[in-house]
Amino acid sequence: MERKALYAGSFDPVTNGHLNIIERAAGMYDSLTVAIAVNPHKTGFFTIDERAEIARKVTAHIPNVKVDTFEGLLADYVNKNGFIAYVRGLRATTDFENELQMAQMNALLFTGDTETVFLMTDPQYSFISSSLIKEVASLGGSVDELVPPYVAQRMKEKLSE
Ligand code: COA
């Protein structure tokens, strides 16, 4: 049976921190689906389609990674697709409480044997968040060290629109 794992988030945009988690998780399972959550109440920097296209581009070197989008309850998406693991990255202790709460809620909602699995973020990426990257880039700062080159290029294009 294929051991399928999921890594979900808003990925607006994908950062080097996300990519590090994706590369490590892809090595642990037969396949890893990177799923972009659609939040109808939130306008993003990139549209959902742009985020998916960007995520496909920056993970193209990892053969067992797929990119998808989903709307609604994460547990419904998990239950429908039979993932054995839901991977989360933990950056610092500040992430822990929220992650614990979500993992415990999801454990109630998962109908199969899906486990939430935490990977510790590589320390060089522990301060990165998508919001911080957007703020720095929109004020003219360089984020080239923090996101894949394709993301930096797409952000520059978006900001000059
Ligand atoms: N490297 C860099 N940044 C990271 C990171 C890493 N390894 N891990 C997390 N981050 C950042 C993200 O970029 C994001 O930054 P931002 O808030 O500035 O955009 C922040 O940390 C939070 O990331 P994450 O925890 O993945 O949240 P998210 O908003 O991207 O996604 C969902 C959260 C979509 C997975 C969650 O809200 C969800 O499951 N939604 C569906 C609805 C649902 O089922 N709700 C009930 C859940 S119990």
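Q: How many salt bridges does a search of the whole structure find?
A: This is a predicted model: local features need pLDDT of at least 70, side-chain atom pairs count only at pLDDT 80 or more, and totals for chains, interfaces and linings use all residues. Residues are numbered from 1 along each chain as its sequence is written, and side-chain values use heavy atoms, leaving out hydrogens and water. A salt bridge needs a side-chain nitrogen of Lys or Arg within 4 Å of a carboxyl oxygen of Asp or Glu. The search of the whole structure finds eight.

Q: How many residues apart are aspartate 12 and lysine 134?
A: Side chains of opposite charge can pair when their charged atoms come close. Aspartate 12 and lysine 134 form a salt bridge, with their closest N and O atoms 3.2 Å apart. Aspartate 12 sits in the loop between β1 and α1, lysine 134 in helix α5, so this pair links distant parts of the chain (helices are DSSP runs of H or I with at least four residues, strands are runs of E with at least two, and both are numbered from the N terminus). The separation is 122 residues.

Q: Is aspartate 12 buried or exposed?
A: Relative accessible area decides this: buried is under 20%, exposed is over 50%, and partly exposed is in between, with a 1.4 Å probe and protein chains only. Lysine 134 has 22%, so lysine 134 counts as partly exposed. Aspartate 12 has 6%, so aspartate 12 counts as buried.

Q: Which helix holds arginine 154, the partner of glutamate 53?
A: Glutamate 53 and arginine 154 meet in a salt bridge of 2.4 Å, N to O. They are 101 residues apart, and the pair links distant parts of the chain. Glutamate 53 is in helix α2, while arginine 154 is in the helix of residues 149–160, which is α6.

Q: Which residues are joined with Asp12 into one network?
A: First take another pair: lysine 156 and aspartate 144 meet in a salt bridge of 3.7 Å, N to O. Lysine 156 is in helix α6 and aspartate 144 in the loop between α5 and α6, 12 residues apart. Now the network: salt bridges that share partners join Asp12 with Arg51 and Lys134.

Q: Which residues are closest to the centre of the largest pocket?
A: A pocket is an open set of points on a 1 Å grid over the protein atoms alone, with protein on both sides within 12 Å along at least five of seven lines; lining residues have an atom within 4 Å of a point. Its volume is the space filled by probe spheres set on the points, which are joined across faces, edges and corners. The space in the largest pocket is about 1100 Å³. Of its 42 lining residues, the closest to the centre are Ala8, Gly9, Ser10, Phe11 and Arg88.

Q: Which element gives the most to the lining of the largest pocket?
A: Ala, Val, Leu, Ile, Met, Phe, Trp, Tyr, Cys and Pro count as nonpolar, Asp, Glu, Lys and Arg as charged, and the others, Gly among them, as polar. By these classes the lining has 17 nonpolar, 17 polar and eight charged residues. Elements that supply at least two lining residues include β1 (4–9), β4 (85–90) and α4 (93–109). With five residues, the one that gives the most is α4.

Q: Which element gives the most to the lining of the largest cavity?
A: In a cavity, the probe of 1.4 Å fits but cannot get out. The largest cavity holds about 30 Å³ of space and is lined by Tyr86, Arg88, Glu99, Met102, Ala103, Asn106, Thr116 and Phe118. Two or more of these residues come from each of β4, α4 and β5 (115–120). With four residues, the one that gives the most is α4.

Q: Which side chain makes a polar contact with arginine 88?
A: Arginine 88 lies in strand β4 and is buried because its relative accessible area is 15%. A polar contact is a pair of N or O atoms within 3.5 Å; within protein, one must be able to donate a hydrogen and the other to accept it, and residues adjacent in sequence count only if both atoms are side-chain atoms. At 3.0 Å, arginine 88 makes one with the side chain of tyrosine 86.

Q: How far apart in space are leucine 108 and glutamine 124?
A: Leucine 108 is found in helix α4. Its relative accessibility is 71%, so leucine 108 counts as exposed. Leucine 108 and glutamine 124 are 16 residues apart in sequence, and their C-alpha to C-alpha distance in space is 34 Å.
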